[in-house]
Amino acid sequence: MNITAFIIVSVIKTALALFVLLTAVAYTVWLERKVVGHMQNRWGPTRVGPFGLLQPLADGVKFLFKEDLTPPHVYKPLYIAAPMIAVVFALTSIAVVPVGNWVTIGGLHIPLQITDVNIGLLIILGVTSLGVYGVALAGWSSNSKYSLLGGLRASAQMVSYEISLGLSLVGVLMLAGSLSLRDIVNAQSGVFWGFIPRWNIFYRGQFIAFFIYLMSAYAETNRIPFDLPEAETELVAGYHTEYSALKFAMFFMAEYANMITVAAVASLLFLGGWHGPVFGPPLLRAILPVFWFALRIFGFLFVYIWVRGTLPRFRYDQLMAFGWKFLLPLAIANLVITAFVVAVFS
Amino acid sequence: MVPISYYLILSGILFACGVTGFLIKRNIISIFMSIELMLNGVNLSFVAFAAQWHALSGQVFVFFVMVVAAAEAAVGLAIIISVYRTRETLNVDRVDLLKL
Amino acid sequence: MAGAVNLLAQRHPINGALSLVVVMGSLAVEYLLLGAEFVAAVQVIVYAGAIMVLFVFVIMLLNAGEEERTKGSRVALLFGVPGMLLGSILIGWVLLERGGGGAVPAGALPGAPKVIGWLLFHDFLLPFEVTSILVLIAIMGAVVLASHPDSDQGKKEG
């Protein structure tokens, strides 16, 4: 594929990915409100559009028209930059996530992924590490007690759980033998024992790693049961207390985009990526893997929202103790056992 | 084709900036950051030489330098926090006597 | 390079920390150009993502303000900057004269994680183990140094 075709295709893929991601963020908000509402025995949004489906649109318009005030005591450059940093890093990791097999459009063989780097997993971990800056800088630049404490707590929590996140993924890495996300998914094709699909969550017992990943993901994205840094009753609103309108919307977007990225990575690494029954004409063959992938992400997000509606939140010292004293030894034990199994059975 | 001397000059400039910052800054945290800058400059020259002479041990050594820098940053910042607790200042010009 | 000079120029340490992050990000890109992809990823994850976050934490905790200009700093500025300029010009001149290095194509040496892992655990095993002990000692030292001097004894288990 020559260079101009490559650039055009990449630009189209990037634009499409961003568009889909942003729409997905908006509709994740809708999904959350509906599901949490039904769990609490009430309807979610129902007025705006059928089933409240246009609610995110109304929310977006509301955020755009809200007064965008800047309190006088903030440290202006970082105050304005912090939400942008958070959003940029939240949206960047979608670049290495593959959503389907290779497709052939008009004679061009195109992978459904913006770039296929052979250190894809490390890039996702790196972007997660950099996402801490948005939170920390927002808390500090707002120059108020609640924000500073909320920002410090949130960033300490995110940094602590990054370790368990990374270690839980190393087990999967050892099974697949490559850091490229596409290779990891391809290693999960086929079935074993006749009918159970060879997903990493079943095959060779990575369910512990999946559990660790799930917990670390909840803590990384600051969701219940680990959302003390942004709980309204504890710290006013934590690190985004002093933000309003568009900047607050950017933090909101960053949080949900992070959730979707984490769900996508979990689907790729533990739930088998895009493997599923594929049949029919070539167009359907190209679309169906994407559909299975979206189905997995949807399931993961549903579990996320389900947990949000069900569990109470951890106190901060319980949260840190859980991360360092329970999850980290468990992740290391999982690593050791998986290494042993891989060394013995291959 | 980038000549190796470009990378080396960049590394030298980074190192020189680090040393300059170390000398002229008065805030102890800024001094510490200049040290990190020096370490980064050295890392760059390691990787450049590893690429030139096709010796991967250059990159492995960079890995070790990073680990040591991380350990040193952790301990150094802990020391800075202790010093701040007793002296109430971050200015190195004020921490020049052993007596409080 | 702009980030490095900015680090010197900024008076407030938080701006300095952020420009150092920019320096590290651009260094990661340079490593990628030289083909050292694992080192680039580790640079982002460890250096820019953890060590600099630690720096930002400490700056936030200690509420570091802007720098002051005292007598000592003026002296250092007066002697330090020209001295370093002289030193770096000297180094640069030596490098350019005696360089003879030749050109390096982009992505010259593929530093795949597998190969580096192999080296780490075979040829460099002893340094690897020693550095892990070093990090352990550093962790213990940091915890002891940064803990409060009197409230550390009777902590309840959470």
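The mean pLDDT of chain B is 80, and 94% of its residues reach 70 or more. Helices (H or I, at least four residues) and strands (E, at least two) are DSSP runs, numbered from the N terminus. Because the model is predicted, local features need pLDDT of at least 70 and side-chain atom pairs count only at pLDDT 80 or more, while totals for chains, interfaces and linings use all residues. Residues are numbered from 1 along each chain as its sequence is written, and chains are lettered from A and ligands numbered from 1 in the order in which they are written.

The secondary structure of chain C comprises 6 helices and 1 strand, arranged along the sequence as α-α-α-α-β-α-α. Of its 158 residues, 33% are buried; a residue is buried if 20 or more other C-beta atoms lie within 10 Å of its own, exposed if 12 or fewer, and partly exposed in between, with C-beta atoms placed from the backbone. Among contacts in chain C (C-beta atoms, placed from the backbone, within 7 Å) between residues at least 6 apart in sequence, 55% join residues at least 24 apart.

Helix α3 of chain C (residues 37–62) has 26 residues and, at 1.5 Å a residue, should span 38 Å; its end C-alpha atoms are 36 Å apart, which agrees. The expected span is 1.5 Å times one less than the number of residues. A kink of about 30 degrees in α3(C) is centred on Q43(C), the bend at a residue being the angle between axes fitted to the seven residues ending there and the seven starting there. Since 21 of its 26 residues are buried, α3(C) is largely enclosed by the rest of the structure. The helix is followed by N63(C), whose phi is positive, near 50 degrees.

Between chains A and C, 19 residues of chain A are in contact with 14 residues of chain C. On the chain A side, two or more residues each come from α4 (120–130), α5 (132–141), α6 (145–176) and α12 (316–344), with the largest share, 6 residues, from α4(A). This side divides into 14 nonpolar, 4 polar and 1 charged residues, where Ala, Val, Leu, Ile, Met, Phe, Trp, Tyr, Cys and Pro count as nonpolar, Asp, Glu, Lys and Arg as charged, and the others, Gly among them, as polar.

Key:
Two residues are in contact if their C-beta atoms, placed from the backbone, lie within 7 Å. pLDDT is the predictor's confidence in each residue, from 0 to 100.
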